[in-house]
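Dear colleague,

Please find below the sequence and structure that I am handing over to you. My notes on the chain follow directly after.

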Amino acid sequence: MKRFNEWYQNLSVEQVTWLVAILVTAMVGTLASAVVLNWGMSAFENDGVWAQLAVSAAATAVYAVSVVVIFAIFFPTEMRLALKRLPLNKK
């Protein structure tokens, strides 16, 4: 525990913010994805493999959206710069 306290005391505010953002993203993303999977698999359990695959894809998309939203909340400037660098809007 002593080594952990020493490590934690040496972190900057930005590093702590990054670690908190990663922890919150993992918790919220997992929770949201689990809710979608639980609901979808129970609702579409008799509809075949393709329906279950679509539910899994939807759960993955929910996780990805939660990552983007949480990082946009914690780091709005960095998120704007990252989104501008995506090659989606280049012509």
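pLDDT is the predictor's confidence in each residue, on a scale from 0 to 100. Helices (H or I, at least four residues) and strands (E, at least two) are DSSP runs, numbered from the N terminus. The model is predicted: local features require a pLDDT of at least 70 and side-chain atom pairs count only at pLDDT 80 or more, while totals for chains, interfaces and linings use all residues. Residues are numbered from 1 along each chain as its sequence is written, and side-chain values use heavy atoms, with hydrogens and water left out.

The average pLDDT of the chain is 90, and 97% of the residues score at least 70. Among the elements, helix 3 has the highest mean pLDDT (94), whereas helix 4 (residues 76-85) has the lowest (84).

The chain contains 4 helices and 0 strands. Its radius of gyration (taken over C-alpha atoms) is 18 Å, well over the 12 Å that the globule rule (2.2 Å times the number of residues to the power 0.38) gives for 91 residues, so the chain is more spread out than a compact globule. The C-alpha atoms fill a box of roughly 55 × 50 × 15 Å along the principal axes.

Buried residues (under 20% relative accessible area; exposed is over 50%, partly exposed in between; 1.4 Å probe, protein chains only) make up 16% of the 91 residues. S33, in helix 2, is buried at 14% relative accessible area and touches A59, V62 and Y63, not counting residues up to four places away in sequence. A contact means heavy atoms within 4.5 Å. S66, in helix 3 (residues 49-74), is buried at 9%; with the exclusion of residues up to four places away in sequence, S66 touches V28 and G29. Of the contacts in the chain with a separation of 6 or more, 56% join residues 24 or more positions apart.

By contrast, Q9 is exposed, with a relative accessible area of 61%. M1, in the segment before helix 1, also counts as exposed, because its relative accessibility is 74%.

The accessible surface of the chain (Shrake-Rupley method, 1.4 Å probe; for residues, only the protein chains shown count as cover) comes to about 7300 Å², of which 68% belongs to carbon and sulfur atoms.

Kind regards
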